[in-house]
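Colleague: Please take me through one part of this model in detail. I would like the ligand sites, with the cut-offs behind each term.

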Amino acid sequence: MASTHLSALGRHLALAGFMGSGKSRLGADVASRLERPFVDLDREIEARTGSTIAELFAEGGESGFRKAEEDVALDVLRRQEPAVVALGGGAVLSEQTRGVLAARAFTVLIDVEPETAWQRVSGSGRPLAQEEGAFHALHRDRQPVYEAVADAQARDVDGILLAAAGVYVELGALDDLESLVPGDGALELVVDERVAGIHGVRAQVALGARDVATHEVPAGEAAKAGAVLERLWNALRIGRDGAIVALGGGSTTDVAGFAAATYMRGVPWTAVPTTLVGQVDAGIGGKTAIDLPGAKNVVGAFHWPARVVCDPALLTTLPEAERRNGLAEVVKTGLLAGDRVWERPEPEQVRACAAFKSAVCLADPHDRGPRAQLNLGHTFAHALEAAAGYALPHGRAVALGLLAALRLSGLADEARLVDEVLSPEPVAVDAEAAWAALARDKKAEGGAPRLVLLDAPGKPRWGVAVPEADVRKALGELIAGRQ
Ligand SMILES: NC(=O)c1ccc[n+]([C@@H]2O[C@H](COP(=O)([O-])OP(=O)(O)OC[C@H]3O[C@@H](n4cnc5c(N)ncnc54)[C@H](O)[C@@H]3O)[C@@H](O)[C@H]2O)c1
Ligand SMILES: [Zn+2]
C-alpha cells in the first residue's frame with residue numbers, strides 16, 4: 001500500500017474500491033459521522049451531465065465516460081473543505097486523479113470479495129457488470145491499482161473511521177510495532193515504569209530493527225509532572241526525522257505526547273496505550289498535557305499522534321481497578337453512540353469505542369464543538385474528584401457523573417442501567433466543596449453550569465444551560481448521606 005498519509009485530518013477522505021464494495025453506503029455514513037460533505041462521484045457526474053452512467057457509456061464509450069469522470073473527480077478533490085468522496089470503481093485509472101488523491105486525500109480501499117460484489121451488482125444494469133467472468137477478471141486487474149493508491153484498507157464504517165484517524169486496533173498488534181510505527185528514523189520509547197516490567201521487553205523486541213532509546217517515566221499520574229517532562233526533553237536525542245513512541249496508560253501517552261508536541265517545536269509520535277482508558281479514550285484525538293500541583297491537565301497542546309496502536313491483548317495484565325476505570329468510559333461512549341458496547345467482548349469494546357472517539361475528534365480536532373459531548377458525566381466527576389482531593393478513582397467519579405447526567409436528562413432507565421453495570425457507590429465528600437469545584441469548572445460559563453445531556457441514547461446535546469438548583473440537587477444525590 002502507498003501509505004504516504006497517516007490520517008484524514010485536514011484532508012479529503014476518499015473511498016476507493018471495486019463496484020459493489022459499498023463505497024456509497026459507507027461513505028454517506030462516514031461523512032455524517034465526521035460532519036463532512038459527502039460526494040458520491042457517480043451521482044455527481046450524473047447530476048452535472050444530466051445523463052445516467054449507462055447513457056454516458058452508450059454515448060461516448062468507456063473513454064468518454066472516463067474523461068467526464070476525471071473532470072468531476074479533479075474538481076471535487078480540489079475543493080478546500082475536507083469532504084468524504086466515494087470514487088467510482090474506475091476513477092483511480094486516471095493518472096491525474098491519482099496525483100490529486102496523493103496530494104489532497106487520505107485514501108481508504110474498501111476491500112470486498114469479488115463474489116460478494118458480483119451478488120450485489122449483477123442485474124443492476126452497470127455497464128461493467130454484465131457478465132460474471134469478465135467481472136472477476138476486471139476485479140483482478142483493478143486490485144493492484146487500488147492497493148497502490150490506498151493509504152489504508154477497511155471493510156466497515158468503524159474500520160474507515162479508525163483508519164481515517166490513524167488508529168490501528170488488533171489483538172497482538174504489539175508484536176507488529178516495527179511496521180506500525182511510521183517513519184524510519186530513530187525512536188524514543190517512553191514507557192510507564194510498571195508497564196516496562198510487564199510489556200517492555202516485548203515492545204523492544206518488536207522494535208528490534210529500529211534505533212531505539214528507552215526512557216522510563218513514573219507509573220500512572222505521577223508521570224504528568226513538569227520535572228518528568230524536563231527530564232525527557234534533556235534525554236531526547238532524535239532529530240526532526242525521529243519519533244516518540246509512548247507505551248503506557250493515558251498518563252504516559254499524555255506526557256510523551258506533550259514532549260512530542262514541544263520538543264524541537266514538534267516531532268511525530270505514536271501512542272501505544274496499555275490501559276482500557278488509554279485504548280478507548282486517552283490515546284486518541286491528540287490532546288496532550290501535564291498537571292500542575294493541584295491542577296490537572298492545565299498545561300498541554302493539541303498534537304495528533306501519527307499513529308495509535310491498540311492491542312487489546314495488553315489489557316489482560318491490567319489490575320481490576322484500572323479495568324473498572326476504563327469500563328466507565330466504555331459505558332459513557334456507548335450512551336453517546338446509542339449502542340450497548342459494554343455488553344460485547346473487550347476487544348470489540350475497544351474497537352467500537354476507539355472508532356467513536358476517532359470520529360468525534362476528527363470532526364472537531366481542536367475542541368470547538370461536538371467534541372464537548374465526550375464530557376458526558378465529567379462535569380460532576382471532576383467536581384467529586386476535586387472535593388475528594390483526587391483520591392477518588394476516575395471511573396467511579398465518571399460512573400456517578402453519568403448517573404447525574406442521565407437523571408437530569410430524564411432518562412431513568414439508562415440511569416438504572418449505569419447503576420447495574422458500574423454500581424458506583426456515592427462518595428463521602430463535602431457537598432459545598434464539590435459544588436464550589438463544579439462552579440469553578442471551566443465548563444461553568446456565565447453563571448449557569450453548561451452540561452452534556454442526552455435526548456436519548458445516541459442523541460447527545462452539549463452546552464445545555466441547566467438551572468443551578470437542579471444541578472446542585474443532582475450533585476447532592478451522588479454524595480453519601482445526602483440522598
Ligand atoms: N488525552 C486525553 O484525551 C485523555 C483522555 C482521558 C484521560 N486522559 C488522562 O489519562 C490519565 C489516566 O490514564 P489511565 O487511566 O490510562 O491510567 P494511567 O496511565 O495513570 O495508569 C494507571 C496504572 O495502570 C498501570 N498500567 C498501565 N498499563 C498496564 C498494563 N497493561 N498492565 C498492568 N498495569 C498497567 C500503570 O502503571 C499505572 O499504575 C489521566 O491523567 C487523564 O487525565 C487523557
Ligand atoms: Zn474520563
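**The ligand sites**

Modeller: A backbone N or O atom of A282 lies 3.5 Å from a nitrogen atom of ligand 1. That is a polar contact, meaning a pair of N or O atoms within 3.5 Å; within protein, one must be able to donate a hydrogen and the other to accept it, and residues adjacent in sequence count only if both atoms are side-chain atoms. This is a predicted model: local features need pLDDT of at least 70, side-chain atom pairs count only at pLDDT 80 or more, and totals for chains, interfaces and linings use all residues. Residues are numbered from 1 along each chain as written, chains are lettered from A and ligands numbered from 1 in written order, and side-chain values use heavy atoms, without hydrogens or water.

K296 places a polar side-chain atom 3.1 Å from an oxygen atom of ligand 1. For K357, a polar side-chain atom lies 3.3 Å from an oxygen atom of ligand 1. On its own, ligand 1 has 870 Å² of accessible area, and the protein covers 88% of that. Areas come from the Shrake-Rupley method with a 1.4 Å probe; for residues, only the protein chains shown count as cover.

Now the shell. It holds 28 residues around ligand 1, and R194, E221, G250, S251 and T275 come nearest. A residue is near if one of its heavy atoms lies within 4 Å. The shell divides into 8 nonpolar, 10 polar and 10 charged residues. Nonpolar covers Ala, Val, Leu, Ile, Met, Phe, Trp, Tyr, Cys and Pro; charged covers Asp, Glu, Lys and Arg; the others, Gly among them, are polar. Elements giving two or more residues to this shell are α9 (193-206), α11 (250-262), α12 (276-282) and β12 (295-302). Helices (H or I, at least four residues) and strands (E, at least two) are DSSP runs, numbered from the N terminus.

Next, the zinc ion, ligand 2. Its protein donors are E329 (OE), H378 (NE2) and H394 (NE2), 2.0 to 2.1 Å away. Donors are N, O and S atoms within 2.8 Å of the metal (3.2 Å for Na, K and Ca); water is not among the atoms, so the site may look incomplete. Along the chain, the spacing is E-x48-H-x15-H. E329 in helix α13 (residues 320-337) and H394 in helix α16 (residues 394-408) link distant parts of the chain, 65 residues apart. E329 counts as buried because its relative accessibility is 2%. H394, at 25%, counts as partly exposed. Buried means under 20% relative accessible area, exposed over 50%, partly exposed in between (1.4 Å probe, protein chains only).
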